Each structure stands twice: as structure tokens, then as C-alpha cells.
Amino acid sequence: MSKAAFIGLGAMGSHMAANLLKAGHEVTVCDRASDAVKKLADIGAKTAASAREAAEGNDFVLTMVRDDEISRKVWLDETTGALADMKPGAVAIECSTITPAWARELGSAISNAGTAMLEAPVSGSTPQAETAKLVFLVGGSEETLKHAEPLLKSMSSSVQHAGPVGAGALAKLITNALMGVQLTAIAEMIGMLKRQGVDPKQVLDAVAATPLWSAHLTSDTESMLSGNFESHFPIKYLAKDLGYTVKTAGGDASVPTVSAVRGVVQKAITENLGELNMTAVVKLFEKESIVSV
């Protein structure tokens, strides 16, 4: 088994690191949240005080952080960054949702340091992270992916090669853009059905029998109809990802549909829903009184 560092132990990263441990890998963890570090130390992880310390001596260094800015600091900070102490032949694996532009810039920095890189953002949220059922959307060379694939499979049900560095980020942004479009559409339809005075579940169960439906819509609809907004993927993170998509596409005019969805999600944040699960956007469409059929 491999020696791996895992930096970033939020809702996703903590489960991913735990699955590496369960698979028999030797894992060093690092995060500012001491409770997350302790939980993994209690099940066998080594601990490090910085990304640089975590990276030292490991075959793989994985990060799962919030955005481009934190990713840059974790990898490239001159004092504490992971890249400064990666050993020759080690592989850097960036699992965060970042922009393709930053992925390529990071890839160049890592290559110039004589180290290989994969970007491996994931499709799935905390339930999939916990049960090792994530889908990795990988950017990087086939050779590097072949080397890292056994490690990635410890945390996933599928590893998909999207192309060179940058393609993984693009695949992830497209995935989340499609998710956002479907999410807001079904939220709007639930609002419409309630205003029409019918049972939303019965109508949507009928729609679910058509080829247009998906498993993701089933879980989103269940959350919206039950009012269970336990945060697997907060609205504020969806807003960030949609913003990255608009930026990558070249602005609002290039992706008007995604831009409109981003506007809905931003409105949810102004209504103090940002910390709730993304399905809480349905609250924006449940305020109108029921109209007659």
C-alpha cells in the first residue's frame, strides 16, 4: 500500500482520508480544524502541523479545499506549502473544485518542480464520500493516472479520465452546472405545483417514470418535499462553483442559463439560506399563495 498525505478535512476530505486508512494506506493528515485531525488520528492517521510537513516523504499528496485561493496557499506557500517538501517521484493530486486556469497554472508549477500532478475533483457529496462511492473526474497524463488509480479507487466507485490537466476541472464545473440547472428547475416546478393545489409528489412520481428523470432528481425532490435541508452540499458552495463556470466561459453572455441559475442561488444566499443544503433553494418558490386550477 501507499503512503499518502491528505490535506483538507472538511465534510468530504475527512471521509476520503478515512477510506484511505480503511484500505490499508499509510495516511498523514493536516487541517486547521483540530477535531477533524484528532478523529482521524484516533483511527490510525499520522498528523502534521502544515501542508509542507504532511507532504514530506509521502508517495501521494492529496488536497480537498474550498477554492482557488486556499489551494494556491496549500500548494505554493513558500513557508508552509506542500510542494516545497514533496519527494522526487511523488504525485500531487488536487481534488478540490477549482478553475481550469488555476489547475493549469498549478500543473505547470508542479511540473517545473519535477513532480507529477493529477487534478481529481469528484462528483458526489458526503454520503458518497463516506461510502467510497465518489466518481473522480481526472485531468492529467494517462501514465500518472495509472500509477495513482489504485489509491483513487479506495475512495470511489469510478475513476474517469477527462483529458490533460484542466480537463478535470472542466468536467467538474459542467457536472455542477447541470446539477444547478436541474436543481433550480425542479424547485420552481414544486412551487408551481403547490400553487396549483395538487400533490407535488404524485405529479413528480409520474414524471419520474419518464426517461428525463435521474437518481439525483429523486434525492433532490425528496429533500425539497420533506423540508430536510441537512447540509451535504451548501448553497454557498454551489454559488462558488457556478461563479467559476461563468468566469471560465467568458462571462454571463456566454452561458446565460448557468448565469440565471447563479442568480437564483445568489438570491438564496441573500435570504440567509447559504449554509443550508442546496435543495433549500425551493424556499424561494414556496412563498406565493395557491392559485385556482
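The largest nonpolar core of this predicted model holds 34 residues, of which F6, M16, V29, L62, I93 and F136 touch the most other members. Such a core is a set of buried Ala, Val, Leu, Ile, Met, Phe, Trp, Tyr and Cys residues joined through side-chain atoms within 4.5 Å, where buried means under 20% relative accessible area, exposed over 50% and partly exposed in between (1.4 Å probe, protein chains only). Local features need pLDDT of at least 70 and side-chain atom pairs pLDDT 80 or more, while totals for chains, interfaces and linings use all residues. Residues are numbered from 1 along each chain as its sequence is written, and side-chain values use heavy atoms, without hydrogens and water.

- Another core, of 31 residues, lies apart from it and includes L204, L217, M224 and A280.

**Contacts of F6**
- Beyond its neighbours within four places in sequence, F6 has contacts (heavy atoms within 4.5 Å) that include M16, V29, L62 and M155.

**Aromatic pair**
- One aromatic pair is counted, under a rule that ring centres of Phe, Tyr and Trp (its six-membered ring) lie within 6.5 Å, with planes under 30 degrees apart stacked, over 60 edge-to-face and the rest tilted.
- The ring centres of F233 and Y237 are 6.4 Å apart with planes at 50 degrees, so this pair is tilted.
- F233 counts as buried at 17% relative accessibility, whereas Y237 is partly exposed at 31%.
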